[in-house]
Amino acid sequence: MQAVRAGIRALGSSSAAAPMIKGARVFSQSAPLAYSPSAFLEKQEVTIRVLDLLRSTPFIDPAKVTQTASFKDDLQLDILDNNQVIIAVQEEFAVDIPENEANKISTTAHLIDYLTAHPQAK
């Protein structure tokens with residue numbers, strides 16, 4: 001046990017040794033932020049991809065897809081259709097949209113704004 005403690009003390013006193021420890025976390029004040037503004041997708045790109053995705057969905061009339069279309073009133077989506085759209089969006093943009101957030105998305109504009117503000121959207 002004393003050998004383990006001595007090894008830990010030796011590692012703690014050597015700043016160069018810390019990064020070499022597998023799985024060790026190194027914190028630095030000069031490290032860049034994980035999500036910079038450039039990490040977010042451009043709104044124009046998100047808009048194009050969302051509209052293309054909705055137009056290619058078999059149960060949606062492509063002529064009714066607009067940037068402000070209501071899922072219920074304009075696109076005639078029921079709950080099941082809405083869930084299928086959210087799943088397709090999650091796959092397209094590699095994001096996880098929690099159910100409570102997905103229930104709030106009722107228009108293409110809401111969806112575009114949500115994805116534009118999502119730091120993990122790809």
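Which residue meets the side chain of Arg-49 in a salt bridge of 3.1 Å, N to O? I looked this up and found Glu-45. A salt bridge here is a side-chain nitrogen of Lys or Arg within 4 Å of a carboxyl oxygen of Asp or Glu.

**Entry 1: the model.** I noted that this is a predicted model, in which local features need pLDDT of at least 70 and side-chain atom pairs count only at pLDDT 80 or more, while totals for chains, interfaces and linings use all residues. Residues are numbered from 1 along each chain as its sequence is written, and side-chain values use heavy atoms, with hydrogens and water left out.

**Entry 2: confidence.** I read the pLDDT, the predictor's confidence in each residue from 0 to 100. Its mean over the protein is 77, and 67% of the residues reach 70 or more. Helices are DSSP runs of H or I with at least four residues, numbered from the N terminus. Over residues 14–21 the pLDDT is below 50, and this stretch has 4 contacts beyond near neighbours in sequence; a contact means heavy atoms within 4.5 Å. Where pLDDT is low, the predicted coordinates should not be read in detail.

**Entry 3: Arg-49.** I returned to helix α2, residues 43–55. Arg-49 and Glu-45 both lie in this helix, 4 residues apart, about one turn. Arg-49 is buried, with a relative accessible area of 18%, whereas Glu-45 is partly exposed at 34%. Buried means under 20% relative accessible area, exposed over 50%, and partly exposed in between (1.4 Å probe, protein chains only). Arg-49 also forms a salt bridge with Glu-92, again at 3.1 Å from N to O. This pair links distant parts of the chain, Glu-92 being in helix α3, 43 residues away. I therefore recorded Glu-45, Arg-49 and Glu-92 as a network, linked by salt bridges as defined above. The charged end of Arg-49 sits over the ring of Phe-93, 4.1 Å from its centre; the rule asks for NZ of Lys or CZ of Arg within 6 Å of the ring centre and within 35 degrees of the ring normal.

Entry 4: I found Asp-113 in a salt bridge with Lys-43, the closest N and O atoms being 3.1 Å apart. Asp-113 lies in helix α5 and Lys-43 in helix α2, so the pair ties together parts 70 residues apart in sequence. Both are partly exposed: Asp-113 at 40% and Lys-43 at 46%.

Definitions and conventions. Helices (H or I, at least four residues) and strands (E, at least two) are DSSP runs, numbered from the N terminus. The expected span of a helix is 1.5 Å times one less than its number of residues.
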